[in-house]
Amino acid sequence: MTDKLHEILIKYWGFSKFRPLQEDIILSVLEGKDTLALMPTGGGKSICFQVPGMYSEGICLVVSPLISLMKDQVEQLNKRGIKAIAIYSGMSQREIDVALDNCAYGGVKFLYLSPERLHSELFRDRLAKMNVNLIAVDEAHCISQWGYDFRPAYLDIAEIRELLPGINILALTASATPDVASDIMEKLNFPAKNLFQRSFERKNLAYLVIHEENKNQRLLNILRKTSGTAVIYLRSRKKTVDTARFLNQNGIKSEAYHAGLTGAVRAGIQDRWMKNHTRIIAATNAFGMGIDKPDVRVVIHLDIPDNPESYYQEAGRAGRDGKKSYAVMLFNNSDILDLQDRFVKGFPDREFVKQVYQSLANYYQLATGSGEGMSYDLDLVKLCDINGLDPLLTYNALHILGLEGLISLSEGFSIPSRIMMRMNVSSLYEYQVKNAKLDPFIKLLLRSYEGLFDEYVKINEETLARRADISAKEIVNLLTVLDKAGVLYYNPRKDKSQVIFIRPRQDARKLELNAANLEMRKMRYKLRMEAMISYVAERSICRSMAILDYFGEKDSYRCGICDICIERNKLELSDLEFKRVTEKARLILSTEDSTMEDLMQKITNVPEESSMKVIRWLIDNGQIKYGDDAFLKWNE
């Protein structure tokens with residue numbers, strides 16, 4: 001078995017060996033065991049289901065909430081000669097129908113789809129005809145109510161298992177606490193716990209947290225002192241544009257990336273960055289998911305992320321090649337206030353959520369009971385302008401409607417134009433004879449693209465225009481004529497965000513929103529936000545140790561390269577000495593305040609010089625503070 005697995009790895013991916021833990025996970029899967037794999041960002045999760053999917057007869061179902069990641073992986077697999085298909089919002093019912101037919105009968109090895117598609121009648125009818133060899137659940141933390149991005153649709157996976165008796169599951173995620181990991185296995189009906197976990201430690205990544213009022217100047221200093229490409233994460237689209245402009249004005253080639261740009265524009269920005277034509281990307285968190293660029297030397301956060309999971313994933317995009325890299329967070333006190341304000345606005349009341357749902361139904365002119373499974377372009381600004389709604393509150397209300405399983409939202413992404421021949425070969429020939437003016441164009445299509453009679457094929461109107469020596473607009477007109485004549489199906493390119501109605505449109509006045517679930521999400525969001533603030537405010541515990549502790553790794557060691565360790569190293573004391581003095585000081589000052597002299601006398605069995613160094617360090621880093629009475633106090 002292992003020889004064949006290595007043959008597959010070399011043939012399709014060009015790797016001579018697996019990364020740590022990959023082969024163990026794959027063997028567990030091929031033994032028919034339900035398996036949960038926790039692997040850090042850049043750890044090679046996709047190989048863990050793609051290799052066994054290729055090893056076994058049949059098709060692998062891949063459930064993923066990330067459309068951009070689905071599209072990227074499908075394109076990569078197809079380039080490697082592996083037939084893969086993705087189903088996502090923006091596709092027509094006809095396209096989905098053809099795609100599912102090909103999965104049942106056309107030799108497709110991987111079907112990627114969002115969890116919201118699992119309960120559709122069309123999918124379940126075709127599922128019975130598929131020879132499924134594995135169910136892979138990516139971003140598996142979404143199934144856990146303890147996770148930071150719980151999605152009710154993930155609970156449908158357990159129902160799908162009942163339709164596929166004997167087919168095992170591989171669940172994968174890059175960030176899960178012990179509670180989340182246990183919940184994932186329970187929600188997916190694992191018969192026995194089976195967890196493979198790589199340490200979340202990144203030995204080559206230096207975490208630096210810097211209090212800074214003048215962020216732009218510090219940003220310039222960092223980028224001038226470090227080489228290689230970088231990503232700068234910000235909360236708003238405007239900030240990405242302003243930051244990229246500022247860097248360009250100071251001689252550092254940069255581009256802004258956010259979901260408000262068209263898919264084609266974003267693809268161009270990403271491509272230039274991947275090829276090192278652009279050094280810096282200033283981006284919202286819409287950027288980076290599924291992008292495997294190994295030589296990112298620095299990731300900089302100019303705004304504080306909502307939770308440690310998001311921060312770990314974003315920071316972890318630096319240094320995937322194993323070389324020394326930096327994850328820098330620049331913050332000031334107003335950033336913490338902004339984070340707390342986002343929490344307040346992140347949970348609009350139920351009446352406002354119902355109002356947004358009604359506005360959405362009016363916007364698309366949906367009658368009660370209609371719209372199930374339908375996908376629509378979403379212009380959030382226009383929706384808010386028409387209905388007099390606050391954009392941020394509306395976005396968060398839409399997110400809540402998604403979490404309640406009523407709708408599904410996708411950020412703006414590019415779906416290329418697609419065509420498929422509607423007529424068979426003989427009928428098409430007759431049409432060409434009767435319509436001589438269209439014959440050259442039809443021949444051009446048949447020469448340019450393969451498989452037009454079997455499936456929807458991506459096309460490029462600009463490329464066809466150059467080949468036909470006419471304008472792209474004329475190409476669109478010709479394709480529209482052929483579509484109306486019943487010769488082919490033509491679906492033009494889409495670049496906008498999409499909203500799917502998972503359930504039929506309901507009466508907003510009777511809309512049932514689970515108050516207990518909303519309150520639970522609010523409470524857990526707050527706990528993660530507070531953990532993020534604690535991380536930023538921390539002045540004495542190694543950054544790497546703090547992150548590992550959050551993810552349940554309790555017995556870690558100082559990294560030696562974060563901002564706290566760098567200061568700590570200057571003391572030239574052993575970890576044992578430092579810990580001994582710190583613990584004694586904490587025990588003494590937690591029960592009573594003390595003068596410096598009294599504290600030094602009570603710390604015994606440690607040289608006075610060493611004790612003084614540690615106490616001074618603890619004061620400088622805010623762990624010990626002076627009270628109004630000039631006595632020392634332990635700062636919890």
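How many helices and strands are there in the chain? There are 26 helices and 21 strands. The model is predicted.

**Overall dimensions**

The radius of gyration of the chain is 28 Å, close to the 26 Å that the globule rule gives for 636 residues, so the chain is as compact as a globular protein of that length. Its C-alpha trace spans about 105 × 60 × 55 Å along the principal axes.

**The two sheets**

Strands of a sheet pair through backbone hydrogen bonds, either parallel or antiparallel.

Take the parallel sheet to begin with. The partner of β3 is strand β4 (residues 110-113), joined in the parallel sense over 4 bridges. Within this pair, A86 stands opposite Y112 in β4.

A helix covers part of this sheet's strands.

Strand β16 (residues 417-421) is joined to β17 by 3 bridges. Here I419 stands opposite V457 in β17.

**A helix pair**

Two packed helices are described by the angle between their axes and the distance between the axes. Helix α17 (residues 425-434) and helix α18 (residues 439-448) pack at about 145°, with their axes 9 Å apart. Which residues meet? From α17 come L428, Y431 and Q432; from α18 come D439, I442, K443 and L446. By class, this contact has 4 nonpolar, 1 polar and 2 charged residues.

**Empty space**

Rolling a probe the size of a water molecule over the atoms shows where empty space is left. The second largest pocket has a volume of about 1200 Å³. Its lining holds 40 residues, and E538, S540, I541, C542 and M545 lie nearest its centre. Several helices contribute two or more residues to this lining: α12 (308-315), α21 (515-537), α22 (543-550), α23 (563-569), α24 (575-591) and α26 (608-620). The largest share, 7 residues, comes from α24. The lining of the second largest pocket divides into 22 nonpolar, 8 polar and 10 charged residues.

Cavities are a separate matter. The count comes to 1 cavity of 30 Å³ or more. The largest cavity has a volume of about 60 Å³. Which residues line the largest cavity? They are V231, W273, F287, G288, I291, K293, V296, R317 and R320. By class, this lining has 5 nonpolar, 1 polar and 3 charged residues.

How values were computed:
Residues numbered from 1 in each chain as written. Predicted model: local features only at pLDDT ≥ 70, side-chain atom pairs only at ≥ 80, totals over all residues. Heavy atoms only, no water. Pairing = 2+ DSSP bridges. 1 Å grid on protein atoms, 1.4 Å probe; cavity = no way out; pocket = protein on both sides within 12 Å on 5 of 7 lines; lining within 4 Å. Points joined across faces, edges and corners; volume = space filled by probe spheres on them. Nonpolar A, V, L, I, M, F, W, Y, C, P; charged D, E, K, R; others polar. Axes fitted to C-alpha atoms, helices over the stretch in contact; angles between N-to-C directions. Contact = heavy atoms within 4.5 Å. Rg over C-alpha atoms; globule rule 2.2 N^0.38 Å.
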